[in-house]
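Hi everyone, thanks for making time.

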Amino acid sequence: SNIGGTPIGKAAFNKQLKDEMIAYSTDDLLRLADQEFTWCEAELLKASQEMGFGKDWKAAQEKVKNTYVPEGRQPELILKLYNDAQDFIRKHNLMDIPPLADETWGMIMMTVERQLVNPFFTGGREISISYPTNTMTQEQKLMSMRGNNPYFSRGTVQHELNPGHHLQYFMNRRYKPYREKAFNTPFWTEGWTLYWELMMYDKGFAKTPEERIGMLFWRMHRCARITFSIKFHLGEWTPQQCIDYLVDRVGFERANAHGEIKRSFEGSYGPLYQLAYLVGGLQMMDIKKEMVDSGKMTYKQFHDRVIKENYMPMEMLRAILTDQKLDPNHETSWKFYQFKN
């Protein structure tokens, strides 16, 4: 694969988990990833059967991949998907997006060089689109288009913009900005944005089987990030084995899988960053269950409160929302995930 990276070993990985206030070991998280992946596959089978492909969900996924829009039309698609998400959020009274935050996000095309490590799109103050350029080979162009089809992209536009990363930047400048550098953690950064994907799926944002397959691709992707991050850093998998796992089990285009693994192990991310997406999202889902599903807060109250707290470990966010009195020597102990026997 020509991808580098240095495994840190099990002891160091578990120490980093504890430092991030995650009360689970590498073994626990591998089990979590497998359980979540199994759920995704069961959902994929339902969608595949609805599309007439029976148990061959990869054939159904292949049909979805080939719905890519023509060259040059991706910005138009991103805007449509953004509006779809905002309409859904308003319809279900999930959150009030500040008008200025809704007005001020931007959109750019990603360079060819960045697409080698960012095969999809990234976001923040703007959303950067990964799509074909005139210097790519025909095969590279097709993989880019197939990997960024409308259904795959459906679950992630609001992840990058509002109420995702763009809104995080917007609110972090305005509320408790002193926390940003002191308590910066990917479990909050990516957990908040991934939570919206999980929660909106549960509330029916994906209406058709094709839309469900698209959102489930990303959910399986996040399960896979837990698995390949741990397996690599424990010295059990090579980067090439990680690439093959994404292609064979998740349905990645091979060039996109290479970019994903290169980004994970050669980029500026720490060993825990990629697994923080789903783990942080599940943490937030558990807090939502405790505060919203119980009737203590509405969705709007909950989301408005969380986004104004700025960066911190999710266990500390929960402690604030539930008004816990913590001992100065408090150590992480929160179990936010239910394993099946």
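Let's begin at Asn66, which sits in the loop between helix H3, residues 57-65, and helix H4, residues 74-91. Before we go on, please keep in mind that this is a predicted model.

Please find Gln274, in the loop between helix H15, residues 254-266, and helix H16. Is Gln274 buried or exposed? Gln274 is buried, because its relative accessible area is 2%, and the cut-off for buried is under 20%. What surrounds Gln274? Leaving aside residues up to four places away in sequence, Gln274 touches Arg225, Ser229, Glu260, Arg263 and Ser264. With one of these, Ser264, there is a side-chain to side-chain polar contact of 2.8 Å.

From that loop we can move on to a pair of helices. Two packed helices are described by the angle between their axes and the distance between the axes. Here the pair is H16, residues 276-293, and H18, residues 314-321: the angle is about 10 degrees and the axes are 10 Å apart. So H16 is roughly parallel to H18, since angles under 35 degrees count that way.

Which residues make this contact? On the H16 side they are Gly280, Gln283, Met284, Ile287, Glu290 and Met291, and on the H18 side Met314, Leu317, Arg318 and Leu321. Sorted by class, that gives six nonpolar, two polar and two charged residues. If you like spotting patterns in those numbers, here is a hint: an α-helix has 3.6 residues a turn, so residues three or four places apart point the same way.

Let's stay with H18 for a moment. H18 is mostly covered, with six of its eight residues buried. Those are Met314, Glu315, Leu317, Arg318, Ala319 and Leu321. What do they pack against? The buried residues of H18 pack against helix H12 (186-202), H16 and helix H17 (299-307).

One last stop: after H18 comes Asp323, and its phi is positive, near 55 degrees. That's my tour, and I'm happy to go back to any of these places.

Key:
Residues are numbered from 1 along each chain as its sequence is written. This is a predicted model: local features need pLDDT of at least 70, side-chain atom pairs count only at pLDDT 80 or more; totals for chains, interfaces and linings use all residues. Side-chain values use heavy atoms; hydrogens and water are left out. Axes are lines fitted to C-alpha atoms, for helices over the stretch in contact, and angles run from 0 to 180 degrees between N-to-C directions. Helices (H or I, at least four residues) and strands (E, at least two) are DSSP runs, numbered from the N terminus. Angles under 35 degrees count as roughly parallel, over 145 as roughly antiparallel, 65 to 115 as roughly perpendicular and the rest as oblique. Contact means heavy atoms within 4.5 Å. Ala, Val, Leu, Ile, Met, Phe, Trp, Tyr, Cys and Pro count as nonpolar, Asp, Glu, Lys and Arg as charged, and the others, Gly among them, as polar. Buried means under 20% relative accessible area, exposed over 50%, partly exposed in between (1.4 Å probe, protein chains only). A polar contact is a pair of N or O atoms within 3.5 Å; within protein, one must be able to donate a hydrogen and the other to accept it, and residues adjacent in sequence count only if both atoms are side-chain atoms.
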